[in-house]
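Please look over the points below with the model open.

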Amino acid sequence: MNLKTDNLGPAFKPDDTPKEIYGPDGKPQFFDDPGMDRFVAVVMNMAQEMWVQEERLMALEGLQASEADREVKLKEFIDRIFAPLREQRSDDA
């Protein structure tokens, strides 16, 4: 499988975004290693898919969660996904 990125169009760059976050390819770069940025994108895509599956499972089980209950579950899910980063940040402090 060969992914072509040449014809994706120009990258969206808000006017107030610091110019130093963009790498030489014009894409946002948050880590020193561009591979790490790609890895984080993969993990976030997987997390999105996991949440979709969680919502489908709730629907199949007939759980009639209110919007507030759904938001609580989503917050708990996001907290679990980002827990390792939060732990590292507290260790660094």
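**Notes on the salt bridges**

1. D79 has a relative accessible area of 28% and is therefore partly exposed (buried is under 20%, exposed over 50%, partly exposed in between; 1.4 Å probe, protein chains only).

2. This is a predicted model, in which local features need pLDDT of at least 70, side-chain atom pairs count only at pLDDT 80 or more, and totals for chains, interfaces and linings use all residues. Residues are numbered from 1 along each chain as its sequence is written, and side-chain values use heavy atoms, with hydrogens and water left out.

3. The average pLDDT (the predictor's confidence in each residue, from 0 to 100) is 79 for the chain, and 78% of the residues score at least 70. Residues 4–9 fall below 50, and that stretch makes one contact in the model beyond near neighbours in sequence (contact: heavy atoms within 4.5 Å).

4. There are five salt bridges, taken as a side-chain nitrogen of Lys or Arg within 4 Å of a carboxyl oxygen of Asp or Glu. D79 pairs with K75, with 2.8 Å between the closest N and O atoms, and also with R86, at 3.4 Å.

5. Both D79 and K75 belong to helix α2 (residues 67–92) and sit four residues apart, about one turn of the helix. Helices are DSSP runs (H or I, at least four residues), numbered from the N terminus. K75 is exposed at 52% relative accessibility, while R86 is partly exposed at 36%.

6. A salt-bridge network links E55, E67, R70 and E71. Within this group, the closest N and O atoms of E71 and R70 are 3.3 Å apart. E71 is partly exposed at 38%, as is R70 at 25%.

Conventions: Helix = DSSP H or I, 4+ residues; strand = E, 2+ residues; numbered from the N terminus.
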